Structure formats: C-alpha cells, structure tokens
Amino acid sequence: MRRLLWLSFIPFFLWSCEDKMDEHYEVPGWVKGSAWELLSDESMDGQFSMFLEAAERAGYYEIMNGRGLMTVMAPDNNAFTAYLSEHNYSTVKDIPARELKELIGFHLLYYSYNKGSMENFRPEGEGAYDEGTEILDPGLYYKFRTRSSGEPTREVDPLTGKSVTVYHLERFVPVFSHYFLKYKVY
C-alpha cells in the first residue's frame, strides 16, 4: 500500500520541476559571435583570410566557429606573407599539415582573456583580475596554454632498450605585460 501511495506522488514531483536548461545555455546578448565569424566579417576587409584558410586546413574550423572559450591571436595577411616567404612557401597550401597544425595551434589560447586578465594572469584563478581590484604580483605568470601540441613519438629507453611511446605535452606561449619587470625586486 505504501508503494502505491509513493508511486501516486511521483507525477506531482516530476510536474513540479521547472526545466531551466534552455535558460542556462542561452547565449548572452553581449556575445558578438564566434572567432571565425568575427575574423571573416566584412568589416575586416579580408585581412585575416590567410589565417582562416590555414586554420581550416589545420582542422580548427569547428572549434573556431563554435562558441567555445578561447582567445585567438590571429596574424594578419602581412604577417602570414612574411612567414611564407621566410620559410620558402608560395601559399598556405604549401605548408605541411603537421607544421600548419602546430603553427595555428600556437595562435589559439585556451580560455577567454581580456587585456587586464592577460596582464595579471593567475593560473589558480584566485586573485584573478577584475575591474577595480588590486593587481597581485603583476606579470608573475606569463605562460598561456595553447592548442598546439606535438605528435606522440616512439623512443628507445636507454636503460631497457625497449621502444616506448612518448606523449608530448601541450605548448605554451609567453605573453609579457608591461608589469613583468616593473615590480620585480632583485
């Protein structure tokens, strides 16, 4: 009898729950679009077209076209042209796929940063930069995690002579702010 009584209340519990998932995942009005949309916008006059072509060839289109948290440090066409001529490539299509993936990955930082949070980056999140807060140990942290990483390689262990797979960690890019040396006491 008790089970029947409990079973009769289950529909009331389910109907009383509000579904707020759509509200939770709603895109805020201040979001201007994905990184891909911003860089390919007509107002940019195509100045990032070579970077976008390279990013697509390297397989980063999906992540850049999504609304993930990332910071893109995109070089313009002039910088990309300089890179091509320095490495004796005619076009983006001439760059080998592995090199292209690493190159573009260095320009894609995990998480979203504004100027203030890049100047006072805190990897542990505590004391992170917020407007109007005191800057703690400014410039102390300057390495930002990128989406560039090496392919696993096979190496021979010198002690055992056995072949092992070595997984290479993600790469970081240094971003030095004007605080880096200003507050250092030696």
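**Figure 1. Arg98 is partly exposed in this predicted model, at 27% relative accessibility.** Buried means under 20% relative accessible area and exposed over 50%, with partly exposed in between (1.4 Å probe, protein chains only). Glu102, at 23%, also counts as partly exposed. The side chains of Arg98 and Glu102 meet in a salt bridge with an N to O distance of 3.2 Å; a salt bridge is a side-chain nitrogen of Lys or Arg within 4 Å of a carboxyl oxygen of Asp or Glu. Both residues belong to helix H7, where they are four residues apart, about one turn of the helix. Helices (H or I, at least four residues) and strands (E, at least two) are DSSP runs numbered from the N terminus. This is a predicted model, in which local features need pLDDT of at least 70 and side-chain atom pairs count only at pLDDT 80 or more, while totals for chains, interfaces and linings use all residues. Residues are numbered from 1 along each chain as its sequence is written, and side-chain values use heavy atoms, with hydrogens and water left out.

Figure 2. The search of the whole structure finds three salt bridges. The side chains of Arg171 and Glu102 meet at 3.5 Å, N to O. Arg171 is partly exposed, at 26% relative accessibility. Arg145 forms a salt bridge with Glu170, the closest N and O atoms being 2.8 Å apart. Arg145 is partly exposed at 27%, and Glu170 is partly exposed at 32%. Shared partners join Arg98, Glu102 and Arg171 into one network of salt bridges.

**Figure 3. The largest nonpolar core has 22 residues.** A nonpolar core is a set of buried Ala, Val, Leu, Ile, Met, Phe, Trp, Tyr and Cys residues joined through side-chain atoms within 4.5 Å. Phe51, Met64, Phe80 and Ile104 touch the most other members. Helices H3 (35–39), H4 (49–57), H6 (77–86) and H7 (97–105) each supply at least two residues of this core, and the largest share, five residues, comes from H4. Beyond its neighbours within four places in sequence, Phe51 has contacts (heavy atoms within 4.5 Å) that include Leu39, Met64, Val72, Phe80 and Ile104. A second, separate core of seven residues includes Leu109, Met118, Phe144 and Val175.

**Figure 4. Helices H4 and H6 cross at roughly 65 degrees.** Their axes come within 7 Å; axes are lines fitted to C-alpha atoms, for helices over the stretch in contact, and angles run from 0 to 180 degrees between N-to-C directions. Ser49, Met50, Phe51 and Ala54 in H4 meet Asn77, Phe80, Thr81 and Leu84 in H6. The residues of this contact divide into five nonpolar, three polar and no charged.

**Figure 5. Strands S4 and S5 form a hairpin.** S4 (residues 153–156) and S5 (residues 163–166) pair in the antiparallel sense over four bridges; two strands pair if DSSP finds at least two bridges between them. Val156 stands opposite Ser163 in S5. Six residues lie between the strands, and Gly161 in the turn has a positive phi of about 80 degrees.

Terms used. Nonpolar A, V, L, I, M, F, W, Y, C, P; charged D, E, K, R; others polar.
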